[in-house]
Amino acid sequence: MSRGIAILGSTGSIGRNALRVIDALGPGYEVVGLSAHRSIDLLAEQVRRYRPARVAVSNDDYAERFRSLMDGWDARILVGSESLVEMAKSDGVDTVLTAVVGAAGLPSVLAAARCGKRLAIANKEPLVVAGELLTRIARENGSLLLPVDSEHSAVFQAMQSGKSSEIRKILLTGSGGPFRGASPQDLEQVTREQALSHPVWRMGPKITIDSATMMNKALEVIEARWLFDVPVDKIEVLIHPESIVHSLVEFVDGSVVAQLGEPDMCLPIQYALTYPKRVAGISKPLRLEEIGTLHFERPEPGTFRALTLAYEVSRMGGTAPAVFNAANEAAVEAFLAGRIRFVQIMELVERCLDAHEVSRATSLEELLEADAWARAQVRSRLGREMHDAPRHVR
Ligand code: MG
């Protein structure tokens, strides 16, 4: 029987890699849905090649453009905010690979979980913003949540060696980003170009900046807390510049189980699609004798505030992670647009958290409300500051 896969966000780096993985997997894995936000030309190319039963785009203009590129093509085009939900719920879709950045993808992830689908989660928001809600819905409906994030895939794989109750701690590794070893003073001078050049991983601009601020690791701590149902105090971050050990689990007997591999997203994507099976794929084999030495060090929480905040935010729970995530997204946007300096990203996030009154509520509506509040907060702060300060010049 063939596994029908819908890729939400098929034109981004995860989506494109997922299609390469599916190509190599061959029969048994079928692309039945594709969605894109802006890259309509690439979406049309993908649709011509994979012929999915359903395609989703975010608005009528994009749908119009898509139709003009796909003359004579008759599959269903779903349009607008509900289109991803409809695709995620569709019969014929049994795996939803979600790689939609931002809160926009949340309703579709929850819908897929409600329908008991397999969810391969590549973006952070579902577990960061709605971790409590999503894991509960998944449990109640028999939906399998599979991480595509390389660290969580590693933890998930290591977890096959024991039970959740037997975990002493989870060690999430991170490359440390381009500013590993930097002092707070060094960070003051960072330019957009420096922040965008990650030493190991090739990724989209948002996640690359998140790696530079260590926000990426911070969000991963929160993700792991929900995905593996462990208290946040059992999760530690370990800097590992070679990015070969993708994460480790220490069990109560003292055994530490790790997953290693070349830094390549194709492997975690593939495992999420084929689990519990392992099959040959396109990932390059690991040659430890060529790498020789692996390094590990503690992160510097004084320099990278994001990590400290992640633990605070996790303990607060409720709407705090949603605010943490959304404020960061808005601040990174401003940084990428050249409106603020690198260090102002975390300053904005922290001020936004300080101003937020955490609510224990975790319905989707309440979480989205907190998300929108945080974005508006950042924008209004930016507006005020832009009046006072000259536009940032690199
Ligand atoms: Mg990761």
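**Entry 1: Leu110**

I began with Leu110, which is buried at a relative accessible area of 2% (buried means under 20% relative accessible area, exposed over 50%, partly exposed in between, with a 1.4 Å probe and protein chains only). The model is a predicted one, in which local features need pLDDT of at least 70 and side-chain atom pairs count only at pLDDT 80 or more, while totals for chains, interfaces and linings use all residues. Residues are numbered from 1 along each chain as its sequence is written, and side-chain values use heavy atoms, with hydrogens and water left out.

I placed Leu110 in helix 5, residues 106–114 (helices are DSSP runs of H or I with at least four residues, strands are runs of E with at least two, and both are numbered from the N terminus). I then listed its contacts, leaving aside neighbours within four places in sequence: Leu133, Leu134, Ile137 and Leu364 (contact means heavy atoms within 4.5 Å). I also looked up the separation of Leu110 and Gln185, which is 75 residues in sequence and 42 Å in space, C-alpha to C-alpha.

**Entry 2: domains**

I noted the division of the chain into domain 1 (3–147) and domain 2 (169–263 + 297–388); these bounds come from an automatic or database domain assignment. The C-alpha centres of domain 1 and domain 2 are 25 Å apart. For the contacts between them, I found 18 residues of domain 1 touching 20 residues of domain 2.

The size of an interface is often given as the accessible area lost when the parts come together. For domain 1 and domain 2 I read a buried area of about 1,800 Å², with 70% of it from carbon and sulfur atoms (buried area is the accessible area, 1.4 Å probe, that two parts lose on being put together, summed over both).

**Entry 3: second largest pocket**

I looked up the second largest pocket and found a volume of about 400 Å³. On a 1 Å grid over the protein atoms alone, a pocket is an open set of points with protein on both sides within 12 Å along at least five of seven lines, a cavity is a set where a 1.4 Å probe fits but cannot get out, and lining residues have an atom within 4 Å of a point. Points are joined across faces, edges and corners, and the volume is the space filled by probe spheres set on them.

The pocket is lined by 16 residues, of which Thr135, Arg139, Leu145, Trp226 and Leu227 are the closest to its centre. Helix 6 (125–141) and helix 11 (215–227) are the elements that give two or more residues to this lining. The largest share, five residues, is from helix 6. Domain 1 and domain 2 each supply at least three lining residues.

**Entry 4: backbone checks**

I found a cis peptide bond between Tyr275 and Pro276, with omega about 5°. Pro276 is in the loop between helix 12 (266–274) and helix 13 (288–291).

Met214 has a positive phi near 70° and is not a glycine. Met214 sits in the loop between helix 10 (205–213) and helix 11 and is buried, at 5%. Ser243, also not a glycine, has a positive phi of about 50°. I located Ser243 in the loop between strand 9 (235–239) and strand 10 (245–251); Ser243 is buried, with a relative accessible area of 5%.
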